[in-house]
Amino acid sequence: MARQLPLTCSGHTRPVVNLSFSDKTSYGYFLISACKDGKPMLRQGETGDWIGTFEGHKGAVWEATLNKDASKAATAGADFTAKVWNAISGEELVTFQHKHIVKTVDFSEDSMQLLTGSNEKVLRLFDLNNTGSDPQLLMGHKGHIKSAVLDSNGQKIFSGGDDKIIRFWDVRTMTEFKTIQTDHPVSSMEIHRDGTVLIVTYGKEVSFWDTSSCEKIKSFECPCDIYSASLHPDKSCFVAGGEDFRLFKFDYETGKELESYKGHFGPVHCVRFSPDGELYASGSEDGTLRLWQNTVGKTYGLWKSLNGDDGNTTENGKV
């Protein structure tokens, strides 16, 4: 069996705390990373090759995301701002001032709205067609908000943080309609690429929720505290990373551990599958991004099989 040889993406100087992939475009797909060095970076998703750095934040960047076609980026900063960027030119398009550290940002499916969550315990929904207008506000959190996402229909918001509650919001009425108590602070949220599943992590648990009914589908306990998890595009497996430096892969149906790899030299803060499911990316306290093959030994990106495509041996590079 081939050995997993991750590609290491250097360039950041402090812990990498968040990352996001775009959808597939005519130019491939793209990866953005958020780091405590305050300089989010854009990379080619298949290889990790550096494209550019977004410069303008005056402090740590806690989250960074791309819209579907990778034309825009959004970042959440410790400088009390959320910023929207032209992801092609690197130009800063708009800055939204907040009253405290911004921890999370998310585009609506049509890129017309931007959701932010902050240490003010307030969610804001900005109109990107009228950036001078006041945002819509959602209040109810009793602790710092760590993660918030819009569903693919733009009708619901899901959020969580230090108050140990998953909150479900109706965008049409801008009201909270459901809360779920957890045993630990919510550390991350992801909407699956088909829009039907919400993935939430807290403590050692990874839970999966139907975005339509807002009912829990299933949950699994992992071997360590988990900070981030991602579900494969075909829903065959999910990956998770957290406190003990390892990347885990589990069967989505049964929760059985399929693989685990140690490559980082610090806790894993974020992990996401690429849109084609061929790789997953991780970011760590050690200041690096790493790209991991979903099918070890397959020729893909910078991974070249030394024995055809039989999956026995691979070589890797550093980018």
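**Close-up views of a predicted model**

**View 1. Ser118 sits in strand S11.** Strands here are DSSP runs of E with at least two residues, numbered from the N terminus. This is a predicted model, where local features need pLDDT of at least 70, side-chain atom pairs count only at pLDDT 80 or more, and totals for chains, interfaces and linings use all residues. Residues are numbered from 1 along each chain as its sequence is written, and side-chain values use heavy atoms, with hydrogens and water left out. Is Ser118 buried or exposed? Ser118 counts as buried because its relative accessibility is 0%. Buried means under 20% relative accessible area, exposed over 50%, and partly exposed in between (1.4 Å probe, protein chains only). Leaving aside neighbours within four places in sequence, Ser118 is in contact (heavy atoms within 4.5 Å) with several residues, among them His98, His100, Arg124 and His144.

**View 2. Strand S11 belongs to an open sheet of four strands.** The order is S10-S11-S12-S13, and the pairing is antiparallel. Two strands pair if DSSP finds at least two bridges between them. Strand S10 (102-107) and strand S13 (136-139) are the edge strands, and each pairs on one side only. From one strand to the next, the twist averages 20°. That angle is taken between axes, which are lines fitted to C-alpha atoms; angles run from 0 to 180 degrees between N-to-C directions. Five bridges join S10 to strand S11 (residues 113-118) in the antiparallel sense. Look for Thr104, which stands opposite Gly117 in S11.

**View 3. Another open sheet of four strands runs S2-S3-S4-S5.** Its pairing is antiparallel. Strand S2 (16-21) and S5 stand at the edges with a single partner strand each, so one side of each has no neighbour in the sheet. The twist averages 20° from one strand to the next. Strand S4 (residues 41-44) pairs with S5 over three bridges, in the antiparallel sense. Arg43 stands opposite Trp50 in S5.

**View 4. The second largest pocket holds about 250 Å³ of space.** On a 1 Å grid over the protein atoms alone, a pocket is an open set of points where a 1.4 Å probe fits, with protein on both sides within 12 Å along at least five of seven lines. Lining residues have an atom within 4 Å of a point. Which strand gives the most to this lining? Strand S5 (residues 50-53) does, with three residues. Of the 16 lining residues, the closest to the pocket centre are Leu42, Ile51, Ala70, Ala87 and Ile88.

Key
Grid points are joined across faces, edges and corners, and a volume is the space filled by probe spheres set on the points.
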